[in-house]
Amino acid sequence: AGGMVNMMLSPINVALLRVFDVFTAYHVLTAGNFILTGWFTYMFVRRLGLGRAAATFAGFVVPWSAIYVSFGSSLLVTNAYWTLPLLFWVALRLAEHPSARRTWWLLCSVGAAVVAFNFYSAHPQWLVQNLIAVFAWALFLDIRSWRVETAIAGKWWARSVALWFGAMVVAGAVIALPQLLLSALVSPLSSRQGGVGVAEAFSGGLTIVDLGGYLLPGFNVPRLTAQAGVLTVGALPFLLFLLSFAIPRQPTVRFFRWLFWLTLIASFQYSPLFFLLHQFPVLALFRVPSRWMYVGTFAL
């Protein structure tokens with residue numbers, strides 16, 4: 001119930017509830033979240049330089065993967081879905097236009113608005129996962145630009161995608177201050193006040209047996225499978241992932257491959273990486289390691 005407070009002041013929710021009854025508005029928002037996830041994934045893949053067929057394929061695969069569908073009934077979670085590919089797209093566009101001030105400020109405004117929407121409407125765990133993944137992407141874009149010597153001379157920090165993304169997060173938090181203050185008001189009533197214990201945090205983590213879900217969607221071994229089917233993305237997407245190891249090495253491919261491996265490792269029960277993440281103040285409030293595959297599936 002405490003998490004639902006994060007949607008009380010959402011302007012989109014308020015607007016739809018003035019037009020529809022609660023259940024209809026819930027259905028409209030849920031369907032819209034899945035459609036937008038596919039569309040913004042398509043936009044991002046196209047911006048990476050792939051063709052329409054590849055982008056369309058990705059646009060269908062991501063929102064209809066098991067980890068996305070499994071939380072499809074939770075509006076608090078699906079509200080965060082489409083913002084992940086959109087923020088990846090914003091960061092990429094920023095890297096492409098280091099000297100276009102008008103475009104730069106427009107993109108930063110879009111990014112800040114998207115972050116604010118996350119604060120107003122999304123489950124905090126998915127919000128944080130979004131921000132961490134996009135910040136890693138922004139750092140990668142900065143490092144790539146420096147390596148190929150395309151960084152602008154002088155005040156390099158003024159064109160750093162990572163620093164500007166940080167500014168977007170701050171601006172988004174300022175815009176969402178009414179929501180954040182309301183959440184802070186009710187947070188003492190939460191069972192997670194002060195953090196989640198390690199044992200509880202590790203609940204819902206993957207086991208080695210769960211990896212069979214990549215090959216068999218219904219794979220389930222009683223007492224050995226922790227999250228049956230949560231890894232499934234479909235046979236063809238998984239086959240294409242395996243085939244990607246045969247293509248020439250490219251920095252972007254490497255980034256998403258590393259993002260996939262790291263999130264997969266963090267998704268296991270008793271994962272040292274998840275334990276390390278759990279030591280950070282905000283991340284100490286979250287549990288269920290397998291939820292990191294929300295980002296991992298997008299990377300795959």
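Me: Which helices each supply at least two residues of the lining of the largest pocket?
Reply: This is a predicted model. In it, helix 2 (22–47), helix 3 (52–61), helix 12 (235–243), helix 13 (251–266) and helix 15 (293–299) each supply at least two lining residues.

Me: Which helix gives the most to that lining?
Reply: Helix 13, with 5 residues.

Me: What volume does the largest pocket have?
Reply: About 950 Å³. The pocket is lined by 31 residues.

Me: Which of those are closest to the pocket's centre?
Reply: Val-45, Leu-48, Leu-50, Ala-299 and Leu-300.

Me: And how do the residues of the pocket lining divide into nonpolar, polar and charged?
Reply: The nonpolar ones number 22. Another 6 are polar, and 3 are charged.

Me: Switching to cavities. How many of 30 Å³ or more are there?
Reply: The count comes to 1.

Me: What is the volume of the largest cavity?
Reply: About 60 Å³.

Me: Which residues line the largest cavity?
Reply: Gln-125 and Gln-129 do, along with Phe-274, Leu-277, His-278, Leu-283, Phe-286 and Trp-292.

Me: Which helices each supply at least two of the cavity's lining residues?
Reply: Helix 8 (124–147) and helix 14 (272–277).

Definitions and conventions:
Residues numbered from 1 in each chain as written. Predicted model: local features only at pLDDT ≥ 70, side-chain atom pairs only at ≥ 80, totals over all residues. Heavy atoms only, no water. 1 Å grid on protein atoms, 1.4 Å probe; cavity = no way out; pocket = protein on both sides within 12 Å on 5 of 7 lines; lining within 4 Å. Points joined across faces, edges and corners; volume = space filled by probe spheres on them. Helix = DSSP H or I, 4+ residues; strand = E, 2+ residues; numbered from the N terminus. Nonpolar A, V, L, I, M, F, W, Y, C, P; charged D, E, K, R; others polar.
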